[in-house]
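Hi everyone, thanks for coming.

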Amino acid sequence: MAAGSRVRLRRLMVLMFGSILLLLWLWRSQRAQLPIDAAFQHGAPPAASVDVGELREFPESERSERVDAAPAEAAALPSASTDPAGATLVGFLVDAEHGAGLKSPVSIVLSRDQERRCFEAASLETVFRAETLSTGAWCVEIQAEGYLPLRTTTEINATSGLVSERYVMWPENWVRVRVITTDGRPYSDLARELGFDSGQVFEEGFRVWRAPSLPEAAAQWPATLAVPGRADAWISSSTHHRSEEPRTVAVVRRFPVGSTWVAVAFHSHFLGWQEAPPGADAVAFEMTLDELEAQLGALRGRVVDPISRAAIVDARARLVCAVGQRNRADTVNPPIDPLSGFSVQSLLPGEYDLTISAPDRAERSQHIVIEPGRELDLGDLELDVAPPLEIRVFDQQGKPVRAQIQFGEWRPGASVWDCVTNDAVYTDDAGVLRRSTPASKVVARISAQKPNSGDNPQYDTFAPAYILLEPSPSAQHVEVAIPSYFDCELELPPGIPDEVTVHIVNSLELIVATGPYVELPAGVFRAMLLDGEAKQLGTHEFTVPRDGPTSPIVLR
């Protein structure tokens, strides 16, 4: 059987297996849903016996005790409108350490305004349902045997239909790491003041350490590296969905015996060490908003003609971060003053792509890094008069095709997704794009429009063409053919562990794919093998035939 057929068969089997699991879950959720539905709908005690175990509403005296025992950090919830129909919340309870569904004795409290509803079950089959919920913010409190209690907020925006949420429960051998403000304001307030959509943008700046005892130089930065990966610590991130408690920036695995000491830093600001004694489910660190804001960076520069040094008054700047939530309206398109200078304040530390352009001048693309608490002064950015550049795109049959093109600074050895920006420009219907010649080497990622995509064009970003554009004193005309892609299976050399990471490097010295099962066009590539610590195990050159491989490609 050909390699392409084997890969397609494997994908088909995965798809069929996933469909079967989905059907089983739908059947099971209808058969074994928690009778929270009835309690919300009628206000009456649920049935005495159900498939998932007995569920009962807490007596009034017990209810207040359990609610008061919850963490005190959750603020009062805003008012919500009443809707007689309401929405249904489907909650998935997940063991954070193993990723499996939860099956433990559990109690669940849903509350809004002054209304609280408390339920418990002797066992839970991973999923619960709560019906007729009005729109607004609901506080969800979950306590499960063997797990840290969870208190979070779920927004019900729909007046009807299903709302799904994933609730992550951490085993008791982990401890939450919280960072709170000394002035009582949440970080989300500062995020909104700066123009960010979410307060979670700050979380990626935190690092954590752990130790079985307080280090001797406790006031200094730890000499060891921060806790890596997900084995012993999990850092919250704005780039993926999560359902966690407010102000929890990380969770850390406890040491088996005695206390666990935890240290936290926010970018270059070290917050010190805190002890988590046995039985404590969290440690808390304090940081003022001024200390947080002091870690933000800034950028400035000036656009000039390389010969006369005169200001280019019609220049434009665009600053884009790959992490979309870091982008703000005032930073993506920073204004340029009459002297062609620009300045951007309150930037989150990290990597950005800066593009400077002006009519009839060479466009400048530059990858920059904003350091914590520092201003990056780029000085004079020269834009020379440049000849035009014309790109024409053709499909596999040689016909002109409309295409999406992303540009970025060429950085050999980097991933192509890290080079090109999320911004895209588009050819006309004849597949033609005209712009100025670049001021430096630029990589372009070109994706053809999918056939029959109608008034809402879709582009095949999984089968792009890559080209390298260089500065030129004369006009350039570049023709690009979108290549055909083939399923490729790479057979690793003997002695290489299966857990190895395989990066595929193309002729432009850019990483364009990862894994032993990939889709590639015809051509010569290099497979770069890395172990679990990102240490290189070797590189292997291989060729994808013009008509695609008919068997696994053996790396030698």
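**Rings, strands and cysteines**

Let's start with Tyr459: its relative accessible area is 12%, so it counts as buried. By that word I mean under 20% relative accessible area, while exposed is over 50% and partly exposed is in between, with a 1.4 Å probe and protein chains only.

Quick background before I go on. This is a predicted model, where local features need pLDDT of at least 70 and side-chain atom pairs count only at pLDDT 80 or more, while totals for chains, interfaces and linings use all residues. Residues are numbered from 1 along each chain as its sequence is written, and side-chain values use heavy atoms, with hydrogens and water left out.

Okay, rings. How many aromatic pairs does the structure hold? Five. Rings of Phe, Tyr and Trp (its six-membered ring) pair if their centres lie within 6.5 Å; planes under 30 degrees apart are stacked, over 60 edge-to-face, and the rest tilted. One of the pairs is Phe206 with Phe266, tilted, at 4.8 Å centre to centre and 45° between the planes. Phe206 sits in strand E10 (residues 206-211) and Phe266 in strand E13 (residues 260-266), so the pair links distant parts of the chain, 60 residues apart. Strands, by the way, are DSSP runs of at least two residues, and helices (H or I) of at least four, numbered from the N terminus. Both Phe206 and Phe266 are buried.

Tyr459 has a ring partner too: Tyr426, again tilted, with 5.3 Å between centres and 40° between planes. Tyr426 is partly exposed, at 38% relative accessible area.

Now, strand E22, residues 388-394. Is it enclosed or open? Five of its seven residues are buried, so E22 is largely enclosed by the rest of the structure. Two strands pair if DSSP finds at least two bridges between them. E22 runs antiparallel to strand E25 (residues 432-436), with five bridges, and Leu389 has Arg435 as its bridge partner there. With strand E28 (residues 476-481), E22 pairs in the parallel sense over six bridges, and Arg392 stands opposite Glu479.

Arg435 shows up again: its charged end sits over the ring of Phe407, 4.1 Å from the centre. The rule there is NZ of Lys or CZ of Arg within 6 Å of the ring centre and within 35 degrees of the ring normal.

Last, cysteines. With a disulfide being two cysteine sulfur atoms within 2.5 Å, the count is zero. Cys488 is buried, at 0% relative accessible area.
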